[in-house]
Each structure stands twice: as C-alpha cells, then as structure tokens.
Amino acid sequence: MTEPTEPAAPVPHDPLTFDEDLLSAPMTVNLGPSHPAMHGVVRLVVTLNGETITKAIPEIGFLHRGFSKSSENSTWHQVLPYTDRLNYVSPLLNNTGYIMGVEKLIGIKCTERAEYLRVLGGEICRICDHLTCIGAIGLELGAYTVFLYAIEARELLWDRIAELCGARVTLSWTRVSGVANDMPHGWDQLLRDCLPRVLELTDEIDTLLSANRIFIDRTRDVGVISGDEAIDWGFTGPCLRATGVNYDVRKAHPYSVYDRFDFSIPLGSHGDTYDRYILRIEEIRQSHRILLQALDQMPPGPIVTDDWRYALPPKEDVFNSIEGVMAHFKLIMEGIHVPEGEVYVYTEGANGELGFHIVSNGKGKPYAIQVRAPGLPILSALPRLIQGHAVADLIPIFDSINMIGGEVEQ
Amino acid sequence: MSQALVDLVREKFPEAVTGSHSHRGDEVVIVRREDLVEVIRFLRDDPQADMKLLRQIAGVDLLTWRTEMTGGGSLASIEAPEYALQKTPQVEPRFYVAYNLYSITRHHALRVRVELRSDDVKLPSIHSLYKTADWWERYLYDMFGFEFEGHPNLQRLLLYPEFQGHPLRKDYPVRKRQLLVPELDFPDLIRGPGPGPGGAGLPMSQTHVGRHNVDPDAYD
C-alpha cells in the first residue's frame, strides 16, 4: 500500500467562471457551395461574431449555363427546354411565361382550351413548388415527417404531370398559341381523385407545423423585412405578400384566364419566416380551388392554332398535302418567324414575378432574351435578412425564400 | 394609362427625353444618359408615377441587328468569325440598357432606355435609388461590360474574375473556350487524395471552394 497522497491544491480558477477575455475576433466561414442545407449550389461567405452573423455575402454562378447566350443562338421553340431548367420545380410556369412573351411579340392569342390546360398544369406546378419549399423547411428544422408528407403529395402531382406532358420535370409542353398535346382521356378524373389526398397531406403538414412550439420559436420574428424595404429589394411573390403588400400578377394583371376563377390572395403581416411559410400553405389551398374550377369550366376546342406559320399542321395534312409538308418542313428547319419588337412579359411564378425581356429582330431567333428570375432579387437581399441572427437561423430563412439555383444562376 | 406616364416624363424633362414609343402595350422612354438618375428618381418619388419596384435591368447589343442570318442559318453563325465581324458595319449607338419599372399601387409600367456608344460604355448607377439594382448592374457588367459609375462593388455576378470578355456581347462567339484558371493555394484546407488542390493535381472547377474571389470586406 502506498501512502495516501496529499489532497491536491485547490484550482486557482474555476474554468466555468474565469474572467479572462475570450478570443473574440470575427471569423469568416464558408457555407457551401455543397452543403446539405443549401438548396442548389450557392456559397455564403459569412462573417461571425461568436454565433451572430455580422455579414453574409452570397456568391452565385456555380450553375450558370449561359441561358441568354444559348437562347440567342436557338430558334424560338428551341428555347423552351432551356426555360424548363430555370425553375426545375415548377417548369410549366416558366414555359408559359416565355411562350406568352413570344405570343405577345407575334400578336397571336392562345386558344381557349389551351389556356385552361396551361392553368391546370401551372397550378399543379405551383403546388409542387410550395410543397418542396415547405418540406425543406420542415426537413431542415428536424421535422422529417413533414418532408415525407410533402414529397408524397408532390409525387402524386408529378405523376399527373407525367401523364399530361410525358415528362416529370423537363416538360417543354407549351407551344406558341397552345400546348403540345391535349390531356389524355380520363386524366381529369385522375386529377380529381388525387387532389383530396394532396389537400389532406397539406392539412397534416399544417397541423404538424403551424402551431408547433418549436417551429414557431424558430421561425417567428426571424428574418423580418418590412413591405417598403421588400419592394426596394425587388421582392415579389410569397416573400413580398408575407410583408402584407398585395401584389400578385394573377390579380393585378389577370393574364390567361385567371380572371374567370374565384380565388383569393393570402397576405401576411410580419414579413418573417413564419409568414412566408404559412402563406405557402394557404396558397396551396387557393391553387387547389383554381384547379377544381378549371376542371369544371374546361371548354372543348382546339389546343393549338390552325395557322401553320406558327403551329405544326396535323399529321394527316403533312402526309396528304403539299402545303402541309411545306409548313412542316419550314417550321422544323427554320422555326417560326417573329416580327421585330421588344417586350417585357411577366407572369406569376411560384416564387414571384417571372419576367422575360425579349427582343426580336425578325430573323427567326430571339435577338436578346433576359430573364427576371424571381429568386435573384430575393437572394440578393439575403444578407439583409440574416444580419444579426444566429447561424442556426440562417437555414430557415434561406429555406423560406426558396432559392432555386437554376433560375438565379441562369 | 401608361401614355399619360410618358407625357408626364416628357413634360417634366423636355430636354432629357430623346424619344418614346410603344410596342404591344409596352411604353418606352429613351432618355439621355446624364439625366438617367434624375428621371428614375422622379419616377420613383412622384405620387403620380410611384414606381417603387425595379423589375429588371436588361441590356441589348445591336451589333448584328441587321446582319444576322435567318432561322436555320443560325447554326452557321454560331462561330462568329472575326473577318465577318470586321465586315459588319459598326452600329452606333451600339448598346442600350432598359430599366423595367413598375408601380405596385398604380399598376402601370414603364421602360426607361439609355443608349450607349461602343467607345463609352459608362453610365450612372442607380444603386442609391433601388437596392435591387445592385445585382442587376453587376449582372450587366458581367455580361456586357457596362461600367456603372458609383456602384459600391462592381464585380462579376455569375462568372469568375478571370473570365475574359463579356459573353452577351454579339461579338463573343457562343462556343468560345476560356483558359483554365490556375490553381490557387488554400493553405487552411486539408484535402485527402483525389482531384483538386493538394490532391492528384487535376484542375478544379473554376470557382471551387478554395477561391478567394469573394471579399468579405466588400460593402464596407
């Protein structure tokens, strides 16, 4: 046995209460470009003071594909697949936005049935976009069930989209003055059958999150912005309406057949992350209303114009008449001819006003085309939204603005 | 309705407005470059105009406006050869910048256009009027090389700093290749084997994590 040692001398400083200054130099941290909580590939250079974000600088361009340059070297219809890839969660809204610009330049009207089909597809895509955003907020705040519910609902709708357009994501479904194909026989009943389940899942998400103490604590009064400031930053869509500003292109300038539907525009009051979330839940319900009305009002008729300068002739005419062959050949080899002009056309995308500034010189290609992606101004305000918040708040704020890399980085 | 807006601007700035037209319902006002900021400030603050939302700033290069080939010939014109460009008559003013403004309260829109000559692509920044102009002006600087005077941080927005040329100019060939950017040292980052700096020595993508192309002191 060894002798018991002397008790150790008392520690001069309790580590929990020491009074020396901690190292408090600001620290610069890279978030992204490949980060599980970053949607798409975006890099944030964040300057931290402890856990507080003092400054954040988004760096974008990792997904830049040269949308404008490629489009300027394609025919008018060849641009359509590029527009799919702008917002790959709601591609049909982009298709419609672009093709409405071409129609405005030509001065041609879309057929009535095709307008309804575009509204149907567009509102389905809008619901999908909102579901993706809500699911991601839930996922990244720890509510994995919400993500699964949202994705289940989205899958149901994407199946309908696949039956309608032939593709899940890269649709390219619109054509000048119409759409590529009519809805398949019995499709409207399939949509009617799946919509209650989508609504049920949305209600489930609503009950899981909207009154959840943890969720409210994480999102309420986080990332607040006032209406005037949001307009100054160029906000549109749910992020602007969350601040209480009533601006929705579908109501302010009813394009297509949106003036024939009875729906309302939900508005927020605080402009915080919670409002941006709850607004999207509400918009899903409104889009659901529009879908049911569009199904009820769906008129019969042609889905594309019979003007062969702009739309492919029916196959019977191509195979049986010289005019049909010629029109087909000219459209395939040269594309449509759009008269000279410059337009800015705007529609309500899922994240805000989607604009296309299109210039034509009458030579068969878009001379210049630049897209006003709704996410770009909103992302540029991210430093303003997250300034002064903790790192942990960055993720819900970033989710709630629903940045889509494809459209922001073009 | 928007025609009243054009008249309002013409009345207020008889000197500055050099032209206006309307196409498919879009009203356009062409203003002199020197008066751009004043005109836009007036449109933003005047209660009759009240255009608080700057939707977008777009740029157009008119170099090949007349000479571009038609439709199916587009494939041939993808590689803009230099001799063809030398034959192209210079169009002046070669560029214009279009500011798409909108009023949320009054629901009217107006496009303000500024024309630029190819030898002088400077124009005043409206960053002080609209915060959203920050990124749009950086975008146009990136794509066209317009120099916005007074912009606090005029850097490329989508492309990387070493990129040569401005891709949306019409004399930039669509298939032009860019030089590979040399690897940068990034001593703080410890990497395992594999491609990338410190790894197998293969060139990394041109804007990888370790690049110092974002200055944390910007906007200070």
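## Where the two domains of chain A touch

In chain A, 16 residues of domain 1 are in contact with 20 residues of domain 2, where contact means C-beta atoms, placed from the backbone, within 7 Å. On the domain 1 side, the elements that supply two or more residues are strand E2 (43-49) and strand E3 (52-59) of chain A. E3(A) gives the most to that side, with six residues. Sorted by class, the domain 1 side has 10 nonpolar, three polar and three charged residues. Here Ala, Val, Leu, Ile, Met, Phe, Trp, Tyr, Cys and Pro count as nonpolar, Asp, Glu, Lys and Arg as charged, and the others, Gly among them, as polar.

Before going on, some housekeeping. This is a predicted model, in which local features need pLDDT of at least 70, side-chain atom pairs count only at pLDDT 80 or more, and totals for chains, interfaces and linings use all residues. Residues are numbered from 1 along each chain as its sequence is written, while chains are lettered from A and ligands numbered from 1 in the order in which they are written.

The domain assignment of chain A gives domain 1 as 27-58 and domain 2 as 59-409; such bounds come from an automatic or database domain assignment. The C-alpha centres of these two domains of chain A lie 28 Å apart.

## The three-stranded sheet

Helices (H or I, at least four residues) and strands (E, at least two) are DSSP runs, numbered from the N terminus. Three strands of chain A make an open sheet in the order E1-E2-E3, with antiparallel pairing; two strands pair if DSSP finds at least two bridges between them. Strand E1 (27-31) and E3 of chain A are the edge strands, each pairing on one side only. E1(A) and E2(A) pair in the antiparallel sense over five bridges, and Leu31(A) has Leu44(A) in E2(A) as its bridge partner.

Val45(A) also sits in strand E2 of chain A. Is Val45(A) buried or exposed? Val45(A) counts as buried because 21 other C-beta atoms lie within 10 Å; the cut-offs are 20 or more for buried, 12 or fewer for exposed, and partly exposed in between, with C-beta atoms placed from the backbone. Val45(A) and Ala56(A) are 11 residues apart in sequence, yet 5.6 Å apart in space, C-alpha to C-alpha.

## A pair of helices in chain A

Thr273(A), Arg276(A) and Tyr277(A) in H11(A) meet Pro396(A), Ile397(A) and Ser400(A) in H16(A). The residues of this contact between H11(A) and H16(A) divide into three nonpolar, two polar and one charged.

Chain B comes to four helices and seven strands, and along the sequence they follow the pattern α-β-β-α-β-α-β-β-β-α-β. Of its 220 residues, 31% of chain B count as buried.

The contact between the chains takes 38 residues from chain B and 52 residues from chain A.

| Element of chain B | Residues |
|---|---|
| strand E3 | 53-61 |
| strand E4 | 95-102 |
| helix H4 | 133-144 |

E3(B) gives the most to this side of chain B, with six residues. By class, the chain B side has 20 nonpolar, 10 polar and eight charged residues.
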